[in-house]
Structures are given as C-alpha cells and as structure tokens.
Amino acid sequence: MTHPVLPTAPLGTDGPLVGVQGLGCMGMSEFYGPTDSGEALATLDAALEAGVTLFDTADMYGSGRNEEFIGPFVRANRDRVVIATKFAIERDENDPTKRAVRNDPAYIRTAVEGSLRRLGVDVIDLYYMHRRNPEVPLAESVGAMADLVRAGKVRQLGLSEVTGAELREAHAVHPIAAVQSEWSVFARDVERSAVPTAAELGVAFVPYSPLGRGFLTGAFQDAGTLAADDFRRTHPRYTGENAAANGELLAPLREIAAAHDATLAQVALAWVQQRAQVHKLTVVPIPGTRKRSRLAENTGAVALRLSAEELALLEPLAGRVAGDRYADMSNTSVGRE
C-alpha cells in the first residue's frame, strides 16, 4: 500500500480534512460517452491510495446510476471516503434533455432518501443544493437541509452555483461547508462575489470543471467532433468559431507546461490549486476522470508551483474566452448577478 501523497485541507470551518484534490465521478455514468466500468472502478481505488478522499456525485448523474455505481466503493472504504452528492435537478424519464430545478422542502426530503438508498449509506458527508431556484425562498430550502443534519442523515451542507449574497443568506440559516461552482483559468466569474464571500465566511470552494471539460488539456479541439451524445457539443465555447478562437488561448499553457516538463492539465490544475493562496480560502478542485493514468497526471499537479511571471501569463485568458460556459446561463450564479 502506498502512502497518501496529497496534503489535506479542512472542508469548511468545522468540516473534515480532505485531500486538496477531489474526484468528480459524473463521467463514469454519463455525459462523456462510453465508460469502461472496470477501469473506472480501478480509478476510484487509485484515487483513494493517492490521497483523494472527497468523491463527488449527484442524484441526476445517470438519473441515479452514478450513485449506485460508486456506492460499493464508498461502503467498502467508508471510514476514508468523504462522499458528496447533490439534489435539485429533476429529470424527465421520457425526455432526458428536460430539466427542472426543485428546491422545495418536500422535494429535498424525498431526494435525500433516494441518494442514501442508492449509495447504500446511513449518512451523506456533504449534501449540496445542485442549482438554485430563486422562486423558492432560500431560507426554506436551507432550513430543510438543516433538518437533515439534525436528523443525522447529512453531516455538512453545500451549495452549487450561488452568488455571494445567496451564500451569505444561506450561511446565516445554517453553516455552509462548501460552495461548488465552475472555476478554471477560462472561467472566473465566481471571483466576482462567491469567492470573496466564501473566504470571508470560512467556506471551502470546490471548483468543478477545472480542466474546462477537457478543452484545457488539449484532449479535443472542437466538441463538434465528439460522440453525438457527448454533452460538450452543447457548450458554446467548445464548438465552431468559439472553439477555434479559444484553442489559440492555450498557447501560454503550452509554454508553461514545456518549461516544467508538465502537461496542460497539470498547469491548469496548478493554477486552480494556487487560488487558495491568492484568495485565502480552502480550494479543493474535483477534476473528473475515468482513467488511472489521468488520475495520476491530475494529482501530480499538486506539486507544481507556478511563478508570478507564469501566473501573469495566464491572468488575462478568462477575459478573452469566446462563448458562454453553458448555452443557457440562467441557472448559474452569473445569471443572477
């Protein structure tokens, strides 16, 4: 058995210590084309041995199949795994493209029972509101989530894609351990209000898609060439003229990677990891992968330190990115700011 290589950081003021890089498990069940289940399971084990302890899923990934898939791994390593899952995005079994955002207390009480059953655990370590429905008072939603903590079904609460004002309002109802939102060298809108508020309140930040869904790694140049069911084809910044323009922005990442004998992914992740020092808060990115080789590459980024000069090269990139990060930005934090 190898010793964990990742340092740890607290997940919120009173939360558990977790490895400073987590693992996003979404792609093991949906959205990125076919998955080799055996390799995906091996990647979960390799992540744990590398010091990854925060594993991220949601009830809408694969319409519950992702929770079911990682459940046996979580149960087999329950004392070492911090499992995070999410509620709020309701899917239509008859039309997988349809989405509804539910934040009402009755839905929350039903959703948590489903996640507990699919994961096969007695308590969820970190339970996120996946998306915010502004038609439901935030105090009602967070109040219902707080009830789950008091009932022993959830240990810590999290929010995803919220503004700084929403985080502050929620935190006044019940302490929030973590905020999860997209944050990368190409996507920095969270720095407007969510990040400084999290830093002020002692809330950890969990960046999803820190590798720009693979675009920042050079894995693909235009999502239009990916499988027909790959959801990246719906993202404006990864297709057509936008993709071509954004591909040119990778030049400084390539330059920095060459100087360190590193990969593009490692440079992109190192930039995210160093946000912890820049903004004075805990940052635990959750790059998603289904392969052990990519897992080793990603965790290796923790040892990479970018110089002030290198950070300066990357600083203007987000402002030059062409296209929004979603075709519909209404359910993101920036859509409400």
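Predicted model: local features only at pLDDT ≥ 70, side-chain atom pairs only at ≥ 80, totals over all residues.
**Helix H1 and its ends**

Let's stay with H1 for a moment. The helix covers residues 37–49, so to speak a run of 13 residues. From its first C-alpha to its last it reaches 19 Å, close to the 18 Å expected at 1.5 Å a residue. The residues of H1 that count as buried are Glu39, Ala40, Thr43, Leu44, Ala47 and Leu48. As a rule, an α-helix has 3.6 residues a turn, so residues three or four places apart point the same way. Keep that in mind when you look at the numbering of the buried set, which includes Ala40, Thr43, Leu44, Ala47 and Leu48.

Both ends of H1 are worth a look. At the start, aspartate 36 puts a side-chain oxygen within 3.1 Å of the backbone nitrogen of glycine 38. After the helix comes glycine 51, and its phi is positive, near 105°.

Asparagine 77 lies between H2 and strand S5 (82–87). Its side chain reaches back to the backbone oxygen of phenylalanine 73, at 2.9 Å. Is asparagine 77 buried or exposed? Its relative accessibility is 14%, so asparagine 77 counts as buried.

Most residues other than glycine have a negative phi. Serine 209, however, has a positive phi of about 50° although it is not a glycine, and aspartate 261 also has a positive value, near 50°. Serine 209 is in the loop between strand S11 (204–208) and helix H7 (240–248), while aspartate 261 is in the loop between helix H8 (251–260) and helix H9 (264–273).

| Residue | Relative accessibility | Class |
|---|---|---|
| Asparagine 77 | 14% | buried |
| Serine 209 | 14% | buried |
| Aspartate 261 | 74% | exposed |
| Arginine 320 | 55% | exposed |

**Where H8 meets H9**

On either side of aspartate 261 are H8 and H9. How do their axes cross? They come within 8 Å and cross at roughly 100°, and the two helices are therefore roughly perpendicular to each other. H8 brings Leu253, Arg254, Ile256 and Ala257 to the contact, and H9 brings Leu264, Val267 and Ala268. Sorted by type, the residues of this contact are six nonpolar, no polar and one charged.

H9 itself is well wrapped up. Ten of its ten residues are buried, so the helix is largely enclosed by the rest of the structure. The buried list for H9 includes Gln266, Trp271 and Gln273. What surrounds these buried residues of H9? They pack against S11, H8, helix H10 (275–279), H11 and helix H12 (308–314).

**Arginine 320**

Finally, arginine 320 is found in helix H13 (residues 317–320). With a relative accessible area of 55%, arginine 320 is exposed. Leaving aside residues up to four places away in sequence, arginine 320 touches Asn246 and Leu249. The C-alpha atoms of arginine 320 and phenylalanine 186 are 8.5 Å from each other, though the two residues are 134 residues apart along the chain.

Conventions:
Residues numbered from 1 in each chain as written. Heavy atoms only, no water. Helix = DSSP H or I, 4+ residues; strand = E, 2+ residues; numbered from the N terminus. Expected span 1.5 Å × (residues − 1). Buried < 20%, exposed > 50% of the residue type's maximum accessible area, 1.4 Å probe, protein only. Polar contact = N/O pair within 3.5 Å; in protein donor to acceptor, adjacent residues only side chain to side chain. Axes fitted to C-alpha atoms, helices over the stretch in contact; angles between N-to-C directions. Parallel < 35°, antiparallel > 145°, perpendicular 65-115°, else oblique. Contact = heavy atoms within 4.5 Å. Nonpolar A, V, L, I, M, F, W, Y, C, P; charged D, E, K, R; others polar.
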